[in-house]
Structure formats: structure tokens, C-alpha cells
Amino acid sequence: MHRLSRRCSSLSAALRHAAAPRRHLTVPLLSSISSVGEEDAKARWYSSVLSSEKSRNYQNLKKDLFLGKRYESTAAESAESNSTPSERYEYQAEVSRLMDLIVNSLYSNKEVFLRELISNASDALDKLRFLGVTEPELLKDAVDFDIRIQADKDNGVITITDTGIGMTRQELVDCLGTIAQSGTAKFLKALKDNKDAGGDNNLIGQFGVGFYSAFLVSDKVTVSTKSPKSDKQYVWEGEANASSYTIREETDPEKLIPRGTRLTLHLKRDDKGFAHPERIEKLVKNYSQFVSFPIYTWQEKGYTKEVEVDEDPAEAKKDEEDGKTEKKKTKTVVERYWDWELINETQPIWLRNPKEVTKEDYNEFYKKTFNEYLDPLASSHFTTEGEVEFRSILYVPAFAPTGKDDIINPKTKNIRLYVKRVFISDDFDGELFPRYLSFVKGVVDSNDLPLNVSREILQESRVVRIMRKRLVRKAFDMILGISMSDNREDYEKFWENFGKHLKLGCIEDRENHKRIAPLLRFFSSQSEEELISLDEYVENMKPDQKDIYYIAADSVNSAKNTPFLERLAEKDLEVLFLVDPIDEVAIQNLKSYKEKNFVDISKEDLDLGDKNEEREKEMKQEFGQTCDWIKKHLGDKVASVQISNRLSSSPCVLVSGKFGWSANMERLMKAQSMGDASSLDFMRSRRVFEINPDHPIIRNLDAAFKTNPDDQDALRAIDLLYDAALVSSGFTPDNPAQLGGKIYEMMGMALTGKWSAYSGQSHPTGTQPHVPETVEAEVVDPAEASSQK
């Protein structure tokens, strides 16, 4: 990962002279590619990072203190006794206001200061690597390319050292004296203008304010830098809220470095917590884990060893008198020391060839990145090229997170966005993924995303829209792969955890209906135990069936016993059972699938494809006036009374209007805490009362209308019939107590006198108990009886 690439192509003179100091801080970083340097120069460079106290403590560890070997260091700086007079410069901007914006408004999170400064250091190393191809004299100092970070928690100081291109005195003035001046931006422009340079670069900076993020946490910042183009080392010093800065030449031999830049941050009182080595390591791993160059942090370590234990003199004397000779006692102790530790030794898996990455590698990266303990159901590793270029790895988790609903909160932190391997953010509100796909986890790495100056906010643009479209497409390909797997249990597990998300997609994402619909699963009248897909439903359709039928209910049991299903069951027509609260709305948004319309069998004007116009005409002539009589009695409770073509065993049913709410939807809307009562009344008024003309009850009512339409028993029967239809159709009665009273009354009428003959109770007036008829017995002779046998 950290091997330096060699370029065969030469850079033009324009490129060589365009090595303008890096963006924010154009922090110079690394060492030369040549192998061996002078030990004295290396020791002088790192001695400025070492504290004299820790040097004395660890002098006997190693004499050679350079890279790959242990050497001590601290962030505390010694007094500058030999420093030369410094010159003071004014910032080339309205600094008092601009600095306030940068520190207090531009960045939303203080901890990004380390990300910005490491990015500067990486750019400085990259620029030196580019220029070293045509100017090998820049690499004359044999210093390795790396970044080193040291934290002194006692003094609240952080030191960041790189061995990159460094800066001359004039570059310090140009880059650090002019806010938003980006040396990296100029360098990138030179690369673009030079045809021989190619497009392969890892430069991160572009805005030129990243260096000033140091003042988010610092009262004072010191920049000590040495450019290979200059024989002198210069020190830049600036303070927060100051209108000027100073630049002086470094004359202290203990602080000289062979090449590169060293930043020393003197932290504010409230931000000294950043100076803990553990905090630094955590920030590096979070934001800069995949920077191209090695990053070392100064860490306390330990190793165990056996040491002798002083024996009690009294026991030793007793042992001598007894003539015993025992081995000396020892104990195990932990010896503490400080040393450099490589933090970013992992190469980004998304930059590797997918053919070279095993499934175990993907799973391990998934678990480590997203703190998961189960393998994902599926993964997708892809590179997109063209007008938008990015690399990505997406995962479908095995289970939904517990304790929260990701559909409600789209900010799930499941997509980690990187720009040139630097972590930018994982806090998005639908920019990269719609919220119904918020369960998908993964990383996205792009080189040219439209970020704002602080690089924390993704700007809405055509590039982002194209990227989102391609990510969504890849996510659907992954899910489709799970659904087509030989192991049906995998998709059943997925649907159990994330089925609601896809149904939400039917509502929110019309553009992807064709991708979502094949992934949906439902129970049906012919598959009550096992979920089926819409493709399976279409395959099972009758040759003359034109529509896809469905019924919404609160459970499979309720759906299969609904009266709406009677005639369809007789015709062997399959009906989808929508038992999830979101199902009905999702299907209504889909409208059709493979040119087959979705039809709710609980709505009016149901067409089963078997219309008999002559019979319908006869039924209307015979029962038309009866329907008008029933409608007149029910009044505004129903919109109309019609002859039903969906009933076979039930006398009547209450259906919803074509554009009204179904019984299931009405039940759900009533349950909403913020429901609108006025809209509820309007949609409910569209109910249609359908009667079955072949049922005895309806024929009796028809006879009652023709003989005595004002008969009170007939009118009460209509009310009870309506209430019974209300319940059986899934609606909620307006007055359950009144309905109960009617049922009790009818039961009393039906049961009166049925069991009174056996009860011993008094009988109603005018009735007599049933007396068995007396039968005279015939005497038979025993002999005759035996002969009959």
C-alpha cells in the first residue's frame, strides 16, 4: 500500500514550476526515495520532537532513533534560546471576520481538524512524489515518506510531522498568509494543463482553508518547514483571532529537519482532551485510515519480563542453617516504553480488484467497519466510470437493527462517504440513498464529489443525482440476486427484516417501480402459509383473467373468511392478502404489474369477467324497487343499494366506493393520532350496500316490500342486516351497544319456547306442553316370541 509508484513519463517544465504550496497548509511531508540518509540529519530532525526528559528515560533502548527503530519524542517544545528575530506580516484578508467564520461556522465538528491537517500532509507527500520524477535532486535527503503524530496530554500539545515538499519563505507568505489560498489547487491545475502528467493523482485539498481548521482547537499554531528547494528552514507562528503572523528562520540545530513540515498545535483549555494518544488514534482510524502514506502515532507500549525478588533475610538465614539451596524467586513485571505505531496499515478493500478479494475478506471488512457480528446476506463491489467515477462496496445486512425504526429516521450512518480515501461523513439525509433503502450499508469513494468548503456537506447537483441513481440500481441488483438464490430461506429472512422498506419504496420512488415490484411478497387465497411473488401470481392467473385481485385485512384469517371472496373462490381466482398496514397504500401506488391492473375486491364495480347482461337486467327489474326501498330506509348511511355479483352464500355486503377508503384503510386512519375527522366522514360516505338476490333473507325482504313496505319487523330486519354487513365487511359499527341490542332481540324471538318443554318453567299463555301419545301394549306368548326369532 505504501510502496511509492514510479512514473516513466516526464513532467514538463510547467509542472515543475507549478508546485505551488499545497492548499490549506500544503503541509510538506516525506522523505526521499533513495535508500540511506545521514543518521545525524535524521537524529537532528526527530530530536526536536523528543522531550529531554523522555530521551533520558529511554536512551538505553536504542541509539539509532530513525524510522523502523524506536526513538523517543514529545510534543512539548523547548525554549527558543537561539531563535533569530522574526518578521511580522498582516494577513491578506479581513481576517478578524473571516477567521471567525472558519472557526465558528465553517466546520460543524471540531474533530475534523486532524482530518484536514493529515490531508494537507498527504498532499505535500504526493506533490513531492510527482516532482521527484523529473527533479530527483528534491529527494536527495534519504527520508521515508510518512506522517507522524504525537500527543502530549500533560501540556495539551499535538505535533504533526510530514516529510513532504515543504515550503519556502515566500510560499509560507503565499499559502499561510492568504486565507483560502490553495497550493494544491494550483498544482492540480498545472497537472491538468500538462498533457504528460496523466490523471492519476491522490491530491486531496482544493479550498485552501483546511490549515486554519487547526484554530478550531488551538490558541497558537507553529509551522516549522524545510523545502528541498531552499537551504533554510522557516518557522511560521500565528494565534487565534490575531490579525498578523510572524515568520522567522530556524537556527536551533535541535529543531532542524531534513525536509518537510512540522505543525505544533497548542490546544485551547477546553480542547486539551484531543491531546490523548488514544483519542488521536481513534480520529486517525475514523477519518484517515486509508490515506496512501503511512501514519504513525506515538504510543505507550509494554512488554513482560521476569525479575528477581529480594528474599527475606530471616528466611534466607534459616534456609542456610537447614542446608537448603533454593532457586532465587522471580516475578513477572510489565516494562513500559514509548514507540511509534503504524495506524493505517490496511489497504482500502474497494481499491482492489474484485477478482482478488474473497468472500471472507468482504465479510471481515463489513463486520469491522459497521460493528456487526453476523455475515451479510449479500455484497456488491463495483466501479463506475464515465462522467461520474467512484468505487463502492454495498452490503445487505442479515438482520434489521433492534430498538429503532430506520424507516422513520433515514440518518442511519450506514453509508460512509470517502473522497480520495479520506472519510468525509456518514450523516446523510437521502442524498446518496433514498430512505427506504437506508438498511443498505457500504462505502463510497469518489474523487470529484461536489462538497462544500468544509467538505462536510454534500451539495445537490447533477453528479450527486447520477451517483444516487447508480447506487440504487446496484442495491436492487443485490436484492434481486438474493431473491433468485437457490436457498429460498435467504430471501425469506431478508423479507422478514426489510420487506416494509421495499413497500415504502412503492410509495416514495415511482421511478423504480419496475425494480421494486418483482421483489414484493404476499400471502394469497391459494398460498396462506407461504409468501408468493407477483411473478408467481401472474403465472397462476386464469387464461381469461385480466386483473390482479387483492383484499386488505388485518390478518390472513380475516381475509380468507371475508364475504368478498365467495364468488372468486368459486371461480378459483387467486386473491392476494394484504395484511400489513402499508400493503394497501403500496399496491395502490404500483397500480399495475406487467400490464395487469390491481383490483380491490372490496370496492364497487367489481368485474370478474363473467357478466351476463340479460340476467343483470332481469335482476334489476325484479329487485330494483326493493333496492330503492332499502336505500330510502338506510338514508345517508350508504351511497346506493345494488345487486351484487360477488356473493354466493352471504345475503349482503358493504363495499367501498371506487374512490373511497376500504374498510381496512378506514380502520388504519381512525387509529392515526393526527387523523382528520372531516376527511374521514367524507371518505366513509361512499359505502355501497350490495345484496344477494338468491339468498332467502333478501327474497323475504322483497316479499315484505311488495306486501307491506311499512312493516316494522321488515324495517328492523333491514337495520340488522346493515349492521351485520358492516361487521362482516370489516367496518366498525358506529353504535356497538345498539347492534348488540338488536341481536339480543332477534335471538329472543328465535329462541322463545324452543326448550321450555324440558325446563319445568311456566309456559306462555295459550300454549300447552307437549304430551306423548299413549300406546296400548300387545301381550306376546314366550314360545311364539322364540319361534319368531
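Student: Why is Ser425 called buried?

Tutor: Ser425 has 11% relative accessibility. Buried means under 20% relative accessible area, exposed over 50%, and partly exposed in between, with a 1.4 Å probe and protein chains only. Because 11% is under 20%, Ser425 counts as buried. This is a predicted model, where local features need pLDDT of at least 70, side-chain atom pairs count only at pLDDT 80 or more, and totals for chains, interfaces and linings use all residues. Residues are numbered from 1 along each chain as its sequence is written, and side-chain values use heavy atoms, leaving out hydrogens and water.

Student: What element is Ser425 found in?

Tutor: Ser425 is in strand β13, residues 422-425. Strands are DSSP runs of E with at least two residues, helices runs of H or I with at least four, both numbered from the N terminus.

Student: What makes β1 and β9 edge strands?

Tutor: The open sheet has the order β1-β6-β5-β4-β7-β3-β2-β8-β9, with mixed pairing. Strands β1 (87-90) and β9 (330-342) each pair on one side only.

Student: Which strands does helix α8 touch?

Tutor: Helix α8 (277-287) packs on the sheet and touches β2, β3, β8 and β9, where contact means heavy atoms within 4.5 Å.

How values were computed
Pairing = 2+ DSSP bridges. Axes fitted to C-alpha atoms, helices over the stretch in contact; angles between N-to-C directions.
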